[in-house]
Structures are given as C-alpha cells and as structure tokens.
Amino acid sequence: MAHGAVGSLKLTIERLKNSSYISIVQNSSPKIIKLLYKEVCSFQDALEEFDKRRNTINMKMVKTLEAEIMDVVYQFEDVIESYVLDQIHSQSEESHHRDQIHPPSMLFSVDLQNIMQDVDSFIETVKKMKKAYIHELRNPSPEEEEEEEEEEDDDDVVASRINFGGNHEPMIGFSKYFIELRDLFTNNYEDPSRKIFSLDGMAGIGKTTLATKLFQDPSIVSCYTRRAFVTIGPKYLLKNVLLHILVQLNPSLQISDVDGETLAMLKRMVRNSLKHQRYFIVLDDIWDEKLCSALKKLFPDDDNRSLVLMTTRIGDAADIAHDCRYDLPLLDKKESWVLLRQKVFGQEACSFELEKAGKKIAENCEGLPLTIVTVANILSKSEKTTEYWNKVSDEKDSIYYDAYDQMSKVLLPSYNYLDQRLKACFLYMGIYPQRYKILFIELFGLHSLWNAEGIVYSAEQFREKVSQLKMVEMFDLDPCSYYILELSLKNLIIHDEEKSCYSLHSSFWYMCNKEAVKNKFFYAFNCSAGALPEEDLIYQRRLCMQNNVLLALQDVQDSITSASMVRSLLCTGNFHEYPVPLCLEKLRLLRVVHAVTIRFYEFPMEVLKLVQLRYLSLTFNGNIPSSISKLWNLQWLIIGQKLIVENKSSCNMPMEIWDMKELKKLDVGGKKLSDPREGSFLPNLLGLHGLHHQSCTKDVFGKIPNLMELSIVISSSHDNGDQPLSCFDHVSHLHKLQSLACIIQNPTFEAEVVAPLAPLSYLPSSLTKLYLSGLGYPWEEMSKISSLPNLTHLYLKFYAFRGRKWEVRDDEFQRLVYLEIEDSDLVQWTFQNDRCIPNIRVLRILHCYKLKEMPLMFGASLIAVSVVDCSPMAVNCANKLQQDWDDKYEKDKGSVEFYVHSSWDDGSISHDSPY
C-alpha cells in the first residue's frame, strides 16, 4: 500500500503546485516544491519495480519496508497539509474581517519557509528509503528457514481442506469437467498436435484438486509415457521448476545430479527428455504469463497428442492455453449443500432440522469450495444442535470469519503479489457492504473517487503508461474500467455478465477490510471484520460506513476526536431516507465526502467549512446554496436526486457554480444550470452530467470549451408542450466532446412511431461514445449517427430507436467496436452486405423480445457476443452466428466468447412482449 500512499501525496503536491487559488511565496519555496514533486514521482516509479521482480522477492521484508515507507509518507502529508490549511484559514479570517468573504476571488499566499526543514528531511529520507527498497528487490534478503517450513506446513493443512473427497469419489460440482477432460485426454482426437489446456478460477475453487484427479486417473496415466506434476506459485525460480520437471521425467535422476547445470543446459535436457515421447505435464498454480511462454517453448510438438495442463488464478496466464481454457464456476446452492453435508457427516444421516439450516449455511459460503470445506471442518468439531446451526445460518456466529482467517494462506497471495497500481483499487472495493453488487453504471462514480483519492494514474499518465496495452486499445478503456477488468481477470472480483455488475466474494471482502485496517487505508464502522481500538483511528486515512448509516454515524461521532487526520468519509450502505447529521467539524483535513446514499432534506452547511474538499457527493432535491463556491478546491461535485413527483422547474444550480474554476466533473442531478455571467467560464470542466435539457444552450456550452463528457436528462413531464426540444442544437459547439448521453426519464410512447421529442441534429465529429435512452427515434434517423467518423461505442437503451426493421448500410459505423441494444421492439435487423460494422468486437443484445432476425456475418475482430432474454429465434440466430464464426475464423483468431441466456427456458418470463 506504499504505492497508494505515495500516489496520494503526489496528488496533494500537484494540487499545491497547480491550484488557481494558491500562490507559493517567491523565495526558495517554488524550487523546493518542484524538487519535492520530482522525488515523489521517482519514488512511485521505484515502487513499481516490484511488479517486475515479485517472483523472486522476500515478501516479508518487502512488506516491512513498504509499511515504513507508508508511515513516513503519511506523516509528511499530515505536516504539509496541516500547515497549508492553517495559512489558508488565517488569510480567510483576515479577509472576512475586511468584508471580503468570497474565497473564490482570493489568491492565497503560501510560504513554506517554516516547514523547509521538514521538506528537506523528507526528501533525504525518501532517497534513502528508495535506495533500500530497490536494493531489497534486486538483492532479496535470505528467507528464514523456520518460517519457510512453517508456511509450507500451513499450506499443506489448507490444501488438504480443499480436497472434495477421495480420489475415487466424484468431484462435486466439477464432475462434468472431469469427465469431459478425461475423455479429451484419452481419446485419439483428430488433430495430433500438442495441446495446452488451462483451468482458470479464483483461489480455493478447486483447480488443483481437479488437475490432481486428472493426473492420477488410471485411464489417463496409461496413455502417456512421460508425466510430471509441478506446483509453481507466485514465487519461483525457473531453474527450480526445470529441476522438478526433470526428476519426474527421469525417475533415476536426483536433483543433486543436475543442480549445478546451467539454465540453458537444463532447458535442453527437459526438451530432450520429452522429444518423441507422448507426455502429460501439469503446471499447477502458475502466475506469470512470461513463465508460461518460456515453458511452452520447451515442450516439443511431435504430433503425438502430448498434453500440457495449467492451473492458474491469473487470466493472462490462462490465455496462453490457446487450445482450451476452462473457467471454473462457483458451485450452485445444491452442489454447495451436498459438499458441506459430505464433509460434516460423511456417511452419517443428517436430520431434517439440521438440513434446513445446513442449506442456508452452505448458501452463505457463496459457492467457493474452500469456504465450504473450511466451514464444514469447523462445524464438524462443534455441537450439532439445531439452535447452534440456526445461529450459524443467520450469520450470528463468527464461524465464517474464523474460516476466512484460516483460508488467508491461500487467499492473501492474490493481494500480496498484485501489481502495485492495483492494490489500492482492490482494497477500495471493500468499502462497500458485504455482497454488494457494483453495477457497471456505478463504475463512473468509482472512477471519480479513485481519481480524487490519488490512487490511480491520471488520464495523462494512463495514456502514457498503460494505453499501449492491447486490452486498452481493444476496448477503449478508461483507467477505472481497465483496473476493474484487471482485477476480474485475476479472479479477485466476480463479474456477473447477466446482471451487469461486479462483486467481491465474502472471503475476499473480509480480507480487504482486514488488510485495509493493517495498511491504514480505511476503517469500516458497523463492519464485522473486527473492531479497531479508538486510539488507532488517528492513523486511518478513511472512515467508511457500510451498513446502517445512522448507527455507523453515531460510532463516528463517538470517535471523532481520534480521527482528526482522516481524509475521506465514505457512506456506502443502503440508501438512507431520513435526515442524518454529519458532524464534520473535527475532520478539517477531509478531501472526500461520499454521501450519495444519504438523502438530505436541508443542505449540510458544515460541509462548506472543508476548504480542502476535492470531492463531494450527496443526494439533495433542493437548490444548492450559492455559498457552495466557498469550496474553491472542489474538483468533483455530484448531486444525486431522489425521484419524487413534483415540479422540478425551480431546482437550479446557483450562478456561483461558474466561479469554481477547479471543477473537473459536475453532476447536477437533473437540475438546471444558470447561464454564465460575462467573463465566467469553467476551463477545467471535463465532465458535465445530469444536465437539464433546458440548460443545453449556446451560452452554457460556450463557457465549457474543454468538455469531454456530457449527459442530458429530459423529464417526462417537460413543459414544452408539443414543441420539439432543442437539447442537441448546440452540442456542436463542444469541439472536444467524446462521450454524449441523452436520457428521457420514464418515457411514454404512442402505438405508432411518431416524430421524436428531441430531434437529432449535427453532432461533433469528435464523439467516440454515444448513449441514448427512451428517445423513440425511427431507425431512419440512425444515418445521423452512423456517419460519425470516430464513434466506437454505441448504447441504445429502452426504445432509443423504434420500429420493426433496421438495415445497416455498407458505409456505416466504420470504427464502431462496441454495440449494445437493450429493450427494443426491433424485429428484423439486417446488414446490407458483409462489410457492415467491420471492426465490431463486442455485441450485446438484451431484452429484445420481438427480435426474430439478426446479422450472421460479423468480421474477424469479434471477440464477445451476449444475447440475454431475447426471443427463441434470436437465440437460434446467436447460436448460428457462433457456429458460422467458428467455422470461418476460429483456427486463426481463436474462439469468440458467447454468452446466450434465455428466461424462456425456465419459464420466468411469459412469451408476451412487454410492449
């Protein structure tokens, strides 16, 4: 977490250096600030060397150094922010006495001379710590033998618990995979070339168990002349991996016989040992895709049906298996109960009363086999009474957290060996309540939070360091989406395609909360991951309220004097309808207040005293006070609105919003934005969201010249009568606009397609993403969109377009890579020829109940198709598309990921169209 701490300090210095309202006194201060910033950037780069050397490091020593770095960085950040804030408060009071009470018009002079000694000392300390850290990475300290042996013993204990049963028992939940793979490995399939398979899934899902059962199966053993099973893990030496393969391929060989050989010789010996042999190699628990590629070159392909099977929790490593990748799923409720019952009772009978509670206990394990067998092990040693089991099933016992603690040896490496830039992002996922589903649309808010916290690259740094990656280019990902996708590919978070959300398994959620406290990253009130002594709250950078907000706030109020250095207050529990006092007086250094889950009936005026605030989100239906401009440091202002039946015409943002020059993102929650005064403009505003359609004027757009993201909200009760709206008429003035969304809230439609409420007009050619919902355009209007030269992503939601037929013509959508259509009355979707939408990569069709025909001739760029809850004929089209694409491209391009789900099959929806 040292990387996240340094990133936070880096952002603090950037704000001090670049603020429109702060002037560094012209003595030695400007030079020292530049030098300080340079050293901090260099320090962050040095920490990222961890990513290149993590497979050989002494993790205990590295974590010790990182903890020391984190403490030093946080202490210095406290010094510099407290000092600057004191100077600002002092000048604000002087200004107030002179009746100059409008901070945005002020320029604060900050003299750092009084803390020069602290700055100099910090720079020297940073240089020493950076040198020590790099030296430790490049020259790892020797491991302590006793600890190594203890860790191995612990791993053996945990590994034994993962076992689903004896070697002769079927694998619960994975029998179909075992049978399918056994048949593949034993049958003489048509293609005799060497095959590489992978088993991919989160820690504790049973990959090693399945691989072991396959490796030991007699029918498979008899098919291969050479076999080896080597467990690698996150920390490895290629030489040791080769040695363990060699001694298994040559039983008469001892490691001591070849330990002195060079790496090149060992590679040659492995290759020669496998030459002209039909071999079966299992590479268990492999983390590094580079190691996969290196080993792949050593395994000869002699067209004799040899086989390599990998198990991994890292998606990039699994991708090396071009022949077949198996993503192992979590167990369902039935499978979970069968496994739990087997582990607790064996061959004994289970009473009906215990079975009822036991099924709920199994369900609480959320399908992860390691959790199930660990909980079962604890249950088997406890009293088997209905009272106790009911208590466990209601999650009123600590058994699950005891299990998660026991599982930490297996789970924790997934966090410890993460890329430095991902560690803070992963822990941040733990701020949400247990089992919380983060909808895809919520990622935009998460992105703003991560930016405000300084834990991710800025857009510029992201383009410089990451944007060249194939995955980023392919999906045109923003930093937040990229980090989330990375965590998903590393099986740390769960991606639910059907529900369009991400979540944490409870075992990882618990680990996030525990590691967050250890790393002073955040502390969650009302969380069951363990209470923190009040005296330790002062070291936490964030306070989080996950469950009952009112009770959690009481905890905050009781401990507020111990949390004076907190930088963020995060309210992530269920939406709270009733007034809640925030009591922020003592949290003077707050930079982030995330309270969009709390409805305020009166604006919380105490927030306006937090001049360090960078990020503010809350839900408030009334008018925002003009004094909001006192928050001159604010860069993210997000105003949620609770939907109620009322006349919203009186809800306006104050004129003073145009004085807040630092704003980067503004979400006005459907409110109107006043026309700017003469000379007012927002040069840094990049995102404007929830804008009332009546505010889409030439005057407004002319004063936000650098805007890149715009979303417009049209109320179904708009007061224009039958006159069409003009919300698109002036969008062309936004020459840098890349993302545009327009949403009609609760739209109503006539039976026939009529003139649209908001006619499409000229859209800027800079647009790359377009999101439309509820507008009801006829498909003929699509020509105004399809010709946009840079459009890559198109989202058509809730009858954005209406009509039975849409034909895509030859020259349309030349750069489109992502298309999503949800809730449409479309019946026939066709292409004029096979050159339409030539670069499409991702296609998602959802809830199109009338759709009978869809194109079958997508190009070679296609990588993913989702068809969810459409008509049976649309499902047939999707299946035909998969077959045709595989026949045409699979050999050269690999297979496309198809996700086809229909609720027609389970009867959960009727066959009648909802429209």
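Buried means under 20% relative accessible area, exposed over 50%, and partly exposed in between, with a 1.4 Å probe and protein chains only. By that definition, helix H21 (residues 443-453) is mostly covered, as nine of its eleven residues are buried. The structure is a predicted model, in which local features need pLDDT of at least 70 and side-chain atom pairs count only at pLDDT 80 or more, whereas totals for chains, interfaces and linings use all residues. Residues are numbered from 1 along each chain as its sequence is written, and side-chain values use heavy atoms, with hydrogens and water left out.

**Overall composition**

- The protein has 29 helices and 32 strands; these are DSSP runs numbered from the N terminus, with helices being H or I of at least four residues and strands E of at least two.
- Of the 915 residues in the protein, 56% are buried.
- The accessible surface comes to about 39,600 Å², and carbon and sulfur atoms account for 49% of that surface; the areas come from the Shrake-Rupley method with a 1.4 Å probe, and for residues only the protein chains shown count as cover.
- Among contacts (heavy atoms within 4.5 Å) between residues at least 6 apart in sequence, 67% join residues at least 24 apart.

**Nonpolar cores**

- A nonpolar core is a set of buried Ala, Val, Leu, Ile, Met, Phe, Trp, Tyr and Cys residues joined through side-chain atoms within 4.5 Å.
- The largest such core holds 183 residues, and those touching the most other members are Phe-185, Leu-283, Leu-295, Phe-299, Leu-340, Phe-426 and Trp-450.
- Helix H4 (residues 59-97) supplies the largest share of this core, with 13 residues.
- A second, separate core has 107 residues, including Val-580, Leu-587, Val-607 and Leu-770.

**Helix H21 and Trp-450**

- The buried residues of H21 are Leu-443, Leu-446, His-447, Ser-448, Leu-449, Trp-450, Asn-451, Ala-452 and Glu-453.
- When neighbours within four places in sequence are set aside, Trp-450 is in contact with Cys-425, Tyr-428, Met-429, Ile-455, Val-456, Cys-480, Tyr-483 and Ile-484.
- Gly-454 follows H21 and has a positive phi, near 75°.

**Sheet S8-S10-S9**

- Three strands form an open sheet in the order S8-S10-S9, with antiparallel pairing; two strands pair if DSSP finds at least two bridges between them.
- Strand S8 (438-439) and strand S9 (494-496) are at the edges with a single partner strand each, so one side of each has no neighbour in the sheet.
- S8 is joined to strand S10 (residues 501-503) by two bridges, and Ile-438 has Tyr-502 in S10 as its bridge partner.

- Ser-82 lies in helix H4 and is buried, with a relative accessible area of 15%.
- The side chain of Ser-82 reaches the backbone oxygen of Asp-78 at 2.8 Å.
- Beyond its neighbours within four places in sequence, Ser-82 is in contact with Met-565, Arg-588 and Leu-589.
- Asn-377, in helix H17 (residues 369-380), is partly exposed, with a relative accessible area of 22%.
- Asn-377 and Val-344 are 33 residues apart along the chain, and their C-alpha atoms are separated by 6.8 Å.

**Cysteines**

- The disulfide count comes to zero, where a disulfide is a pair of cysteine sulfur atoms within 2.5 Å.
- For Cys-870, the closest cysteine sulfur is that of Cys-848 at 4.7 Å, which is too far for a bond.
- Cys-870 is buried, with a relative accessible area of 0%, and Cys-877 is also buried, at 14%.

Notes
A polar contact is a pair of N or O atoms within 3.5 Å; within protein, one must be able to donate a hydrogen and the other to accept it, and residues adjacent in sequence count only if both atoms are side-chain atoms.
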